[in-house]
Amino acid sequence: MLRKIVGVAVAIAFLAGGVVVARELTRPASVTIEEPSITLEPGEMRSIHASRSGGSPLSDALSWRIVPPGLGTINERGEFRAGAVSGKGTVSARSGSASADVPITITCPKQAQLRGVRFDVACGRLADVYVDVAAYGGAASAATAVDRDASTVASDLSIPAERRFRVYYFGTSQGFAAALPELGRDFTSGGIGFEGGAVYFDAADAIAIDQSADPQMQTTGALRHELVHRFLRQFVGYANVNEIPTWLNEGWAFVEESSQKNWLRMEARLVSASMAHLGKLPSLRTLTSLGDWNDRTGIESLYQYYAAAQAAQFLIDDAKLAGMHRLLLRVRDGSSFAEAFAYAVPGLGYADFQDRFNDRVAALVQTYPGMVAVSGAPNGSGGTVIVYGLNPSASATVTAAGPIERELSTTIDPYGVFVKYIGREFPPGDYIVTFETAGQHLSVTLRL
Ligand SMILES: [Zn+2]
């Protein structure tokens, strides 16, 4: 009887041991993260301590996952480095089917430094905005303005604003020049837009604007311009952005830049028309490569933006916003621009569009030569007088008669154009502006 009991006990112990072993083999691993939450500023590093228990001894080591991926980077030792922009997300540590999460907050830094330039920082809905303490305006109002312009541009381009980015405003050109290499350090290939006082760094996804290079009224235009480059690059992807011909990338940027500047739109339109009238409008084939674009100097480097803007506007008019969106989707999927173009405007080939460009621009104006006065000028007030379709490089005399009188001897540019910005040196009132050159006498009224 006793032996029997012992035998049963041994059997129970054996069974119990067997169960224990079986559970040891199948019990799911568990993962724990020591830190309840992590808060960092952009670029800061912190180790995340995750540990694993249970599971098969053969199971893989911990693997890490960051959501959203732009929040930061992490190595196999759990060293997390915050990304460049503010935001919230999680880091997950996983082993087999087990995982643990830690919430991460990348806070908006109040202040920052870059190569000796000190910034106040404000983080809006779409972007982190760094304003040089030597620049005018506060960071909070700059962040509001960036949100507004980024929303407008995203909507005009029919592109969703998906990822946060950075905007830097510099108060001096020395600071701008010193900090540019820092922002562009991880830049790896073409696709940079450089417009004098404004740059978009596509690897860093940052816009830098030198406020000292532009009067205050110009800064909005510069931001909108670079935002077009930024959204196009974001939407079609780094690998495909070079499929977009430079005339469209720069021309669309110019269209957005000049959307609230009637004088600039008018100047671009009439200069382009004058070039086409004289057979000197650059063809779209010569405005396709960024290398050729960046090689132009002098007045040609300005007028190529004007020509490109007319081409971009023709395409937007032909394709409508829906067609532009179809085109960009095709480019994003890896199509060539010519293939994508067929989806933008059914029935119009890219070759035809290019061939008709000169005639369409020439037809923007009915009679040559002509003279136009519009209100507004680069410094925000005043007016602009544009004379076009003239004999290239001829000499001329311009007079303004009104509250004050002025006379100016000048030379018409090689594209048959004369442009004069009239600013605060002219008191308000009506001026008769007269332009005289060999065999031509033109005049307009300018109201200041
Ligand atoms: Zn540009």
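**View 1. Helix α3 and its buried side.** Helix α3 spans residues 173-183, and Gly175, Phe176, Ala179 and Leu183 are its buried residues. Here, buried means that 20 or more other C-beta atoms, placed from the backbone, lie within 10 Å of a residue's own, while exposed means 12 or fewer. Helices are DSSP runs of H or I with at least four residues, and strands are runs of E with at least two, numbered from the N terminus. Looking down the axis of α3, the buried residues fall within an arc of 95°, so they line one face of the helix; the arc is that of the directions from the helix axis to the C-beta atoms. Ala177 and Pro181 are exposed on the face turned away from that buried side.

This is a predicted model, in which local features need pLDDT of at least 70 and side-chain atom pairs count only at pLDDT 80 or more, while totals for chains, interfaces and linings use all residues. Residues are numbered from 1 along each chain as its sequence is written.

**View 2. Where helices α5 and α8 cross.** The axes of α5 (residues 246-257) and α8 come within 7 Å and cross at roughly 90°. Axes are lines fitted to C-alpha atoms, for helices over the stretch in contact, with angles from 0 to 180 degrees between N-to-C directions. Among the residues making the contact are Trp247 and Trp252 of α5 and Tyr305 and Leu315 of α8. Two residues are in contact if their C-beta atoms, placed from the backbone, lie within 7 Å.

**View 3. Around Val129.** Beyond neighbours within four places in sequence, Val129 is in contact with residues including Val121, Ala139, Val146 and Val167.
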